[in-house]
Amino acid sequence: MGRMNDKVAIVAGAGSIAEGWSNGRAAAVLLAREGAKVFAVDRDIDSANATRDIIRSEGGECTARQCDVSIAAEVEIMVAACLDAYGRIDVLFNNVGMQVVGGPLDVKEEDWDKLMTVNVKSMYLTCRSVIPHMLSQGGGSIINNSSTAGIRFTYANVAYSASKGAVKQLSQNIGVQYAARGIRCNSVMPGYIATPSITDRRITNTNSTSAARRYQVVSSVPPGMLPMAYSIWLRMNPGSSTRPN
Ligand SMILES: NC(=O)c1ccc[n+]([C@@H]2O[C@H](COP(=O)([O-])OP(=O)(O)OC[C@H]3O[C@@H](n4cnc5c(N)ncnc54)[C@H](O)[C@@H]3O)[C@@H](O)[C@H]2O)c1
């Protein structure tokens, strides 16, 4: 299709916490299919390498890079490495995020601080490093991965919810400041997506190995509700004829 031909895209969090399709991996592969040169960044280099290998196996261009995007010095080195490799940065997809489930009486202070650093500060750091280069190129696009949890109640998830609300406002504030100079900055707010981080955590939290839990998660997504959920459940349970209630 080539909508991204000659563009260079940094995808932060391009790996996956477990085998399968995370948001970052899916976005990286899709960007490459559209012609982008992808700089696949993750703190877990094996996972970033797995994304790179998928892209290369399809004939795309990708470099994998280890970086903890919550650490300023690592971010600066990573951005310099992308410029060394590809000479420009057109897209920054800030996809890194973690969860600590619970309300204010459950979440430990150190976990709150860590989550805010990983989910929010990392996006400030990458924007701070990338924007000067986008300005000198005449523009670029920054996409920050927020969540519906940033605008409404989902479940007791106070730190994550607060962080995703912050991502939304961080994006709006940067977007308005730089729009006239050619840099778009938007946040996206996905609902549930059956990535490994969701399906694996859900099973751990409920102390269940039941695929019905996965079904419960995906069936709560509005588009296509039951048909979509059922088709995903069937893929996870090949040969099964009974749908869980
Ligand atoms: N899956 C969903 O239902 C859903 C819904 C809404 C929003 N989101 C958001 O989408 C994003 C990705 O979620 P996912 O489900 O694909 O999860 P995931 O955990 O599989 O992907 C996140 C990736 O980021 C990497 N990472 C974590 N901390 C890092 C750091 N400090 N530096 C560099 N890399 C780091 C992880 O190693 C992992 O590969 C998150 O921001 C999440 O909040 C997910």
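## Around the ligand

In this predicted model, 30 residues surround the ligand, and the closest are Gly13, Gly15, Ser22, Gly97 and Thr195; a residue is near a molecule if its C-beta atom, placed from the backbone, lies within 6 Å of it. Residues are numbered from 1 along each chain as its sequence is written. Local features need pLDDT of at least 70 and side-chain atom pairs count only at pLDDT 80 or more, while totals for chains, interfaces and linings use all residues.

The helices α1 (23-33), α4 (109-137) and α6 (196-205) each supply at least two residues of this shell, and α6 gives the most, with 3 residues; helices (H or I, at least four residues) and strands (E, at least two) are DSSP runs, numbered from the N terminus.

## The nonpolar core

The largest nonpolar core has 44 residues, and Ala9, Ile10 and Val11 are among those with the most contacts inside it. Such a core is a set of buried Ala, Val, Leu, Ile, Met, Phe, Trp, Tyr and Cys residues joined through C-beta atoms within 7 Å, where buried means that 20 or more other C-beta atoms lie within 10 Å of the residue's own, these atoms being placed from the backbone. To this core α4 gives the most, with 7 residues.

## Strand β4 and its partners

From strand β4 (residues 91-94), Val91 and Phe93 point one way and Leu92 and Asn94 the other way, and all are buried. Strand β1 (residues 8-12) runs parallel to β4 and is joined to it by 4 bridges, with Ala9 standing opposite Val91; two strands pair if DSSP finds at least two bridges between them. Strand β5 (residues 140-145) is likewise parallel to β4 and joined to it by 4 bridges, and here Phe93 stands opposite Ile143.

Methods
Buried ≥ 20, exposed ≤ 12 C-beta atoms within 10 Å, placed from the backbone.
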